[in-house]
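Subject: Structure handover

Hello,

Here is the structure for your files. My notes on what was found in it follow below.

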Amino acid sequence: MKISHILGCVFSFFTIMGYSYSKTASWDLVFSINCFIAAVFIFIGYEVIYSGFLNAALDFILHSEKKNIPELPKIDKFLEKHSLLKIWGIIIVCWLPYLIINYPAVVHADSGIMLSQYFSGNLSNHNPVI
């Protein structure tokens, strides 16, 4: 498929550019005269791998039959009305413990310093009170 080759090229380009930037903090690994031919071969290799995976995934998604997917009538009935709001609520409920634990200034390492500065009258803008 055409889309898998296009996405494979995009992903391989970003992979090579990211690798070059992480190793040399520049794109010299790709655009220098000495390494350009190696970068082209690496690009082709990544493109073949990425487009192969994307092609297989798209074939699996497009050619899977409806009868192989189990029906979930309770979930379908639950999501009949206001499905976006219900899914959003489920995500919020699942994230709630994380949000409570990491509430700003409750578990933060500077909480003691902030309170000490506040009560001693030596308050600065470095650690503002909530």
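Phe-11 is partly exposed, because its relative accessible area is 36%, and partly exposed here is the range between buried (under 20% relative accessible area) and exposed (over 50%), with a 1.4 Å probe and protein chains only. The model is predicted, so local features need pLDDT of at least 70 and side-chain atom pairs count only at pLDDT 80 or more, while totals for chains, interfaces and linings use all residues. Residues are numbered from 1 along each chain as its sequence is written, and side-chain values use heavy atoms, with hydrogens and water left out.

Phe-11 sits in helix α1; helices are DSSP runs of H or I with at least four residues, strands are runs of E with at least two, and both are numbered from the N terminus. Apart from neighbours within four places in sequence, Phe-11 is in contact (heavy atoms within 4.5 Å) with Tyr-50 and Leu-54. Its C-alpha lies 9.2 Å from that of Ser-51, although Phe-11 and Ser-51 are 40 residues apart in sequence.

Aromatic pairs

Rings of Phe, Tyr and Trp (the six-membered ring of Trp) are paired if their centres lie within 6.5 Å; planes under 30 degrees apart count as stacked, over 60 as edge-to-face, and the rest as tilted. The count by this rule is four aromatic pairs. Phe-11 and Tyr-50 form an edge-to-face pair, with 5.9 Å centre to centre and 80° between the planes. That pair links distant parts of the chain, since Phe-11 is in helix α1 and Tyr-50 in helix α3, 39 residues apart. Tyr-50 is partly exposed because its relative accessible area is 25%. Trp-95 and Tyr-98 also form an edge-to-face pair, at 5.1 Å centre to centre and with 80° between the planes. Both of these residues, Trp-95 and Tyr-98, belong to helix α5 (residues 83-101) and are three residues apart, about one turn of the helix. Trp-95 has 47% relative accessibility and so counts as partly exposed; Tyr-98, at 49%, also counts as partly exposed. Ring pairs join Phe-11, Tyr-46 and Tyr-50 into a cluster.

Nonpolar patch

Met-1, Ile-3, Ile-6, Leu-7, Val-10, Phe-11, Phe-13, Phe-14, Phe-60, Ile-61 and Leu-62 make a nonpolar surface patch of about 1,100 Å². The elements giving two or more residues to the patch are α1 (2-24) and α3 (36-63), and α1 gives the most, with seven residues. Patch residues have over 30% relative accessible area and no salt bridge, and nonpolar side chains (Val, Leu, Ile, Met, Phe, Trp, Tyr) are joined within 5 Å, like charges within 9 Å. A salt bridge is a side-chain nitrogen of Lys or Arg within 4 Å of a carboxyl oxygen of Asp or Glu. Phe-13 is in helix α1 and counts as partly exposed because its relative accessibility is 40%.

Cysteines

How many disulfides does a search of the whole structure find? Zero, where a disulfide is a pair of cysteine sulfur atoms within 2.5 Å. Cys-9 is partly exposed at 31% relative accessibility, and Cys-35 is partly exposed with a relative accessible area of 26%.

Overall

The protein has six helices and zero strands. Of its 130 residues, 12% are buried. Among contacts with a separation of 6 or more, 51% are between residues 24 or more positions apart. The accessible surface (Shrake-Rupley method, 1.4 Å probe; for residues, only the protein chains shown count as cover) comes to about 11,100 Å², of which 71% belongs to carbon and sulfur atoms.

Regards
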